[in-house]
Amino acid sequence: MRIKKHSILNVFLFSILTTGFFLYSCEKYTYEPPSVNPDKVYSFKDDILPIFNNCAACHPSIHEPDLSQANAYTSLTEGGYVNTDAPEKSKIIEKLDEGHAGINNNSPEYIDILGWITQGAKNN
Amino acid sequence: MKSLIALALSLCLIIPAFGQDENDDKPVRSPFETSLLIDNQTVVSPFKGGLQLQIQHRFGTVKNGITDIFGIYAPSNIRMALNYGITDRLMIGAGTTKDYKLQDVQWKYAVIQQTRSGSIPVSVSYYGNMVIDARSKDNFGPEASYRDIHRLSYFTQLIIARKFNFKYSFQVAPGFIYYNSVQDGLQNANFSIHAGGRARVLGPISILAEYDQLLTKQDAFDPKPNLAAGIEIGTATHAFQIFFANYSALINQRNLLYNTNDFTEGDYRLGFNITVRF
C-alpha cells in the first residue's frame, strides 16, 4: 500500500483542526421534556391558530380537517379531532405523536395544542 | 528441483509486474455513482472544482394507502444542498432542510483510495457535518438556561468501501453523533453503524440497499433502524435515486437519534435524491 506522506500530514492537520473546533463548540446539556403549564391559559386565537398558518396549504385542500383560520375551530371540535376527556387520545395529538410536518411531542406547538385541549378546547 | 521452484517463484513475481501499467495505481472509477447512497454518504466526492447540487425529497408514510396516494399527498420533507470539490479528495458543502429548519455544513476527505491494481484494496473517507437547528428558542428547554450553542449537533463517520468489480460495491461506516442539547432520557454522545451497497443491473441502472442503526441505548424511547432499498439511474451529469426508506429527516444525526418509523410495521416512505453535477 502506497500512501503519500503529505496525505497523512493533511489528515493529521485536518483532525487537529476539527477536534479543536468541536471541543470549543461542544456542550453537554439535557433538559426536561416540555409539558403543559397548568398556570397558563391556552388561547385558541393567540396560541393555536398561529400554529395552523403553516398547515392551511394542505388542510383542507388535500386532507381533513380544515385548518383555515375561519373554519379550524369548528372542524376540530365537531370533526372528532379533540377529546377533552382524554386529551392525549385526541386524534390530532395521536397524529402529532407520530411526527407530522416538523412537529412532534417535544415541540412547543404540540404542548400548546395539548394544553388547549386539556383546558376544554374552548373558542377563546 | 530448487532451480525450478526459484524459476516459478520469479515468474510469479515478474508476470504481475508486466501486467501492471501506470493506470493500475490510479483510484478505481466511481465505486458509487454519487456522494449519496439513499440516506448516507459514500466515499465518492466531486472532482477538484466540481460543483454538485443535491435535492433530497421524502414523502409521507405509505400506510394510508390510496387516501393520500401512498404518502405522495402527505407532508413531505426536502433538503437542498451544494457540494464543492476543493481538491480531488476534499469536499465541502452546505444544505438546508425543511423539517426542524436544519441548516448544515459538511465536509468529506478521501483518506485512502482503492487502486485499480488492488495494491490498496479499500477506499476510506472521513465525513463530518455540523447542523444548526434554527427553530425558535423554546424548542431547547427552559429559556433561562438557553444558549445558542444548544442548537448545534455533529455527525462524523469513517466510510470504508470496496468496489469488488464493475457490478458490485459495498461500504460500511461506523459513526459518532454528538448533540449539544437533548431532552432527559436521550444521550448527548452516540455511536452508529451503517452498511450499504450498489449492484449494477442494466446499463446505467443500479439497485441500492442500506441499513442504519443507532448503537447507543436511549432511556426515553427506542430509535428505530432504517432498512432501505431502491434503484439508481446515472447519466453523465445527473444521478437519480428512487427508493423506499424508514428515515425521513434527511440529516444523519436526526435520523439516527429520533427516527420512529419502524420497518417491521411497514412505516415506509417513498423518497428520491437528485444529484446534478456541474
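Buried area is the accessible area, taken with a 1.4 Å probe, that two parts lose on being put together, summed over both. By that definition, chain A and chain B bury about 3,200 Å² between them. This is a predicted model, in which local features need pLDDT of at least 70 and side-chain atom pairs count only at pLDDT 80 or more, while totals for chains, interfaces and linings use all residues. Residues are numbered from 1 along each chain as its sequence is written, chains are lettered from A and ligands numbered from 1 in the order in which they are written, and side-chain values use heavy atoms, with hydrogens and water left out.

**Where chain A meets chain B**

- On the chain A side, 31 residues are in contact (heavy atoms within 4.5 Å) with 43 residues of chain B.
- Of the area buried between the two chains, 56% is on carbon and sulfur atoms.
- A:Glu27, A:Tyr29 and A:Tyr31 supply 23% of the area that chain A buries against chain B, more than any other three residues.
- A:Glu27 also forms a salt bridge with B:Arg147, with the closest N and O atoms 2.0 Å apart; the term asks for a side-chain nitrogen of Lys or Arg within 4 Å of a carboxyl oxygen of Asp or Glu.
- The count between chain A and chain B is 1 salt bridge.

**Two packed helices in chain A**

- Helix 2 (residues 44-52) and helix 5 (residues 108-118) of chain A pack at an angle of about 135 degrees, with their axes 10 Å apart. Helices here are DSSP runs (H or I, at least four residues), and strands are E runs of at least two, numbered from the N terminus.
- That angle makes helix 2 of chain A oblique to helix 5 of chain A; oblique is what remains after under 35 degrees (roughly parallel), over 145 (roughly antiparallel) and 65 to 115 (roughly perpendicular).
- Helix 2 of chain A contributes A:Phe44, A:Asp47, A:Ile48, A:Ile51 and A:Phe52 to the contact, and helix 5 of chain A contributes A:Glu109, A:Asp112, A:Ile113 and A:Trp116.

**Backbone features to look at**

- Most residues other than glycine have a negative phi, and most peptide bonds are trans.
- The peptide bond from A:His59 to A:Pro60 is cis, with omega near 15 degrees, and A:Pro60 sits in the loop between helix 2 and helix 3 (72-78) of chain A.
- A:Glu64 and A:Pro65 are also joined by a cis peptide bond, with omega about -5 degrees; A:Pro65 is in the loop between helix 2 and helix 3 of chain A.
- In chain B, B:Ile38 is not a glycine, yet has a positive phi of about 55 degrees; B:Ile38 lies in the loop between strand 1 (36-37) and strand 2 (40-41).

Conventions
Axes are lines fitted to C-alpha atoms, for helices over the stretch in contact, and angles run from 0 to 180 degrees between N-to-C directions.
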